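Dear colleague,

My notes on what was found in it follow.

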Amino acid sequence: MATHTIRTRDKDSLAQFLGWFSLGLGTAQLLAPKAMCRLIGESGEGLSKHLMRAMGLREATQGIGILTRPRPTTWVWARVAGDALDLSLLGLTAARGNAKRAAFGIANVVAVTIPDVYEARHLSKKQGPVRGAMHVRKAVTINLPREHVEQAWAAHAQELRERLLDAGATVSFSPASGGRGTQLAVDLTQDPPAGDLGGAVTKLTGKDLATELADDLRRFKQLVETGEIARSDATPAGHLLADHLKQRPAQPLEEVSR
């Protein structure tokens, strides 16, 4: 059984720049909030320091979102919304008598708002599916004739079939090589949360789609071939695709004759 992953990027250099800019600015705001406050005419004490850190957290989060998504349209629009908020806050600073330094901050925000709006509109106009999702294929060989496997799939995998249908998956049955029964294969495409970063994290934790799907098919194979699912205290729980196949007493397969 093999999983094939194909990832390409839909981001251009401007989106990459905005991502790194947002991450860098956010880091500075988080680590040196007083200094960043003084640049725009604030004291850097009390509420202004905490507000600057909150803005830094927003910027850093947006930067990570832009850099890790194949097509970060939502994250770039979030930057545009953040620019509008920053301009409003700088306007309040100017109204309190710090007009000169506030004007410096406003000029810088306006300078970055222009490419933010341009890139957000550009990404919104792009057509076609996002390129960067994973193509997942998992297959299992079941030592029974094809018609028996198809009957068991129809009779005992209703929830699994429904979830795969919602995920846009395709399921196929074919003779296994060497006359060893039937190969049941599932193919689907998914864009992992948080892009490559999210995909790496879920894979490390064993909660990625490919691992869960492999476990689900293994359980189905056990159910079809033996009439029960081998269980232990270490059996994982909470799988996305087959809640009905785990952690429950086995039921005989009366519909399938051996």
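**Packing around helix 1**

Helix 1 passes helix 3 in a left-handed crossing. Please bear in mind that the model is a predicted one. The axes of helix 1 and helix 3 (residues 47-68) lie 7 Å apart, at an angle of about 155°. Since angles over 145 degrees count as roughly antiparallel, helix 1 and helix 3 are therefore roughly antiparallel to each other.

On the side of helix 1, the residues that meet helix 3 are Ala15, Gln16, Leu18, Gly19, Trp20, Ser22, Leu23, Leu25, Gly26, Gln29 and Leu30. Helix 3 contributes Met52, Arg53, Met55, Gly56, Leu57, Glu59, Ala60, Gln62, Gly63, Ile64, Ile66 and Leu67. Sorted by class, this contact has 13 nonpolar, eight polar and two charged residues.

Helix 1 (residues 13-31) also packs against helix 5 (residues 99-125): their axes come within 10 Å and cross at roughly 130°. That angle makes helix 1 oblique to helix 5. The crossing of helix 1 with helix 5 is left-handed. Leu14, Ala15, Leu18 and Phe21 of helix 1 make this contact with Val112, Pro115, Asp116, Tyr118 and Glu119 of helix 5. By class, the contact between helix 1 and helix 5 has seven nonpolar, no polar and two charged residues.

**A residue in helix 5**

Ala103 is located in helix 5. Is Ala103 buried or partly exposed? With a relative accessible area of 41%, Ala103 is partly exposed, because the buried class is limited to values under 20% and the exposed class to values over 50%. Ala103 and Gly41 are 62 residues apart in sequence, and their C-alpha atoms are 9.3 Å apart in space.

**The protein as a whole**

The protein contains nine helices and three strands. Read from the N terminus, the order of these elements is α-α-α-α-α-β-α-α-β-β-α-α. Of the 258 residues in the protein, 41% are buried. The accessible surface amounts to about 13800 Å², and carbon and sulfur atoms account for 60% of that surface. Among the contacts with a separation of 6 or more, 72% are between residues 24 or more positions apart.

With kind regards

Conventions: Residues are numbered from 1 along each chain as its sequence is written. This is a predicted model: local features need pLDDT of at least 70, side-chain atom pairs count only at pLDDT 80 or more; totals for chains, interfaces and linings use all residues. Side-chain values use heavy atoms; hydrogens and water are left out. Helices (H or I, at least four residues) and strands (E, at least two) are DSSP runs, numbered from the N terminus. Buried means under 20% relative accessible area, exposed over 50%, partly exposed in between (1.4 Å probe, protein chains only). Contact means heavy atoms within 4.5 Å. Accessible areas come from the Shrake-Rupley method with a 1.4 Å probe; for residues, only the protein chains shown count as cover. Axes are lines fitted to C-alpha atoms, for helices over the stretch in contact, and angles run from 0 to 180 degrees between N-to-C directions. Angles under 35 degrees count as roughly parallel, over 145 as roughly antiparallel, 65 to 115 as roughly perpendicular and the rest as oblique. A crossing is left-handed if the near helix is turned anticlockwise from the far one by less than a right angle, and right-handed if clockwise. Ala, Val, Leu, Ile, Met, Phe, Trp, Tyr, Cys and Pro count as nonpolar, Asp, Glu, Lys and Arg as charged, and the others, Gly among them, as polar.
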